[in-house]
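Okay, thanks for making time, everyone.

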Amino acid sequence: MESKKRNLSGAQEALHKIAKKKKTLGIILSVIIILMGIFCLCKPLNAIAITEWIFSLGFIIAGICRIVQYVAAPKPYRTPMILISGILWIIVGILFIVGTKLDRTQIFAFLIGFMAMSDGITRLCATGVVKEAGLPVGWNVFSGILSILLSIFVFIAPLYMTTLLAFIAGAYLVVYGIITLIDMISVKIA
């Protein structure tokens, strides 16, 4: 009986260590996303040429964060859209890396708008699950609305994207990085 308790506590301890590592990785990746956004905001003229490459990495990192978020969530609270959006972020990041400059520039505005809209809708849809879990829903609602507003701005001003590319990329990376960082910090490890 005592050995079963020891094995159970050992298993629980191992799961706790894994959860802590995932949380730490999520926090590190979130900070990297924020730093990439700050770079785009501080060096807009120099960053325009490399913003698409930074965004490629940002998409891949964001996709990894979404998949980590999905895997870390208890089964009843796993929203399939989180996993799907994570996979889509990674695919888009890879497509940006292999595409031509013209291709990247032409679809950049649409992708930013679509991803922001998708993230905002996912967060608003997940509010019910968050509320059902007894957690506060204010952050989900706020971040969902903020992402949707950002997407509307991007859809309204696509012709100005070449000039505003670095600013919009930086703003989105900072906002998404902060949202993801708060998500990762707020994860409770029992």
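Let's begin with α3: the face turned away from its buried side carries the exposed residues P80, L95 and V98. By buried I mean under 20% relative accessible area, by exposed over 50%, and partly exposed is in between, with a 1.4 Å probe and protein chains only. Helices are DSSP runs of H or I with at least four residues, strands are runs of E with at least two, and both are numbered from the N terminus.

Before I go on, a word on where this comes from: it is a predicted model, where local features need pLDDT of at least 70, side-chain atom pairs count only at pLDDT 80 or more, and totals for chains, interfaces and linings use all residues. Residues are numbered from 1 along each chain as its sequence is written, and side-chain values use heavy atoms, with hydrogens and water left out.

So which residues of α3 are buried? They are I82, S85, G86, W89, V92, G93 and F96. Those residues cover an arc of only 130° around the axis, so they sit on the same side of α3. The arc is taken from the directions that run from the helix axis to the C-beta atoms. As for length, α3 has 19 residues, which should span 27 Å at 1.5 Å a residue, and the end C-alpha atoms are 27 Å apart, so the two agree. That expected span is 1.5 Å times one less than the number of residues.

Now α6. Its buried residues are N140, S143, G144, S147, I148, L150, S151 and V154. They cover an arc of only 160° around the axis, which puts them on the same side of α6. On the other side of α6, you'll find L149 and I156 exposed.

**The core**

What about the largest nonpolar core? It has 26 residues, and F55, F59, W89 and Y172 have the most contacts inside it. A nonpolar core here is a set of buried Ala, Val, Leu, Ile, Met, Phe, Trp, Tyr and Cys residues joined through side-chain atoms within 4.5 Å. The elements giving two or more residues to this core are α1 (2-42), α2 (44-72), α3 (80-98), α4 (101-125), α6 (138-156) and α7 (161-186).

Take F55: leaving aside neighbours within four places in sequence, F55 is in contact (heavy atoms within 4.5 Å) with F108, I112, A169, Y172 and L173.

**Rings**

There are five aromatic pairs in the structure. Rings of Phe, Tyr and Trp (its six-membered ring) pair if their centres lie within 6.5 Å; planes under 30 degrees apart are stacked, over 60 edge-to-face, and the rest tilted. W89 and Y176 are a stacked pair, 5.1 Å centre to centre with 25° between the planes. W89 is in helix α3 and Y176 in helix α7, so this pair ties together parts that are 87 residues apart in sequence. Y172 and Y176 have ring centres 6.1 Å apart and planes at 15°, so that pair is stacked too. Both lie in helix α7, four residues apart, or about one turn of the helix. Y172 counts as buried because its relative accessibility is 3%.

T180 counts as buried because its relative accessibility is 4%. Not counting residues up to four places away in sequence, T180 touches S30 and C65.
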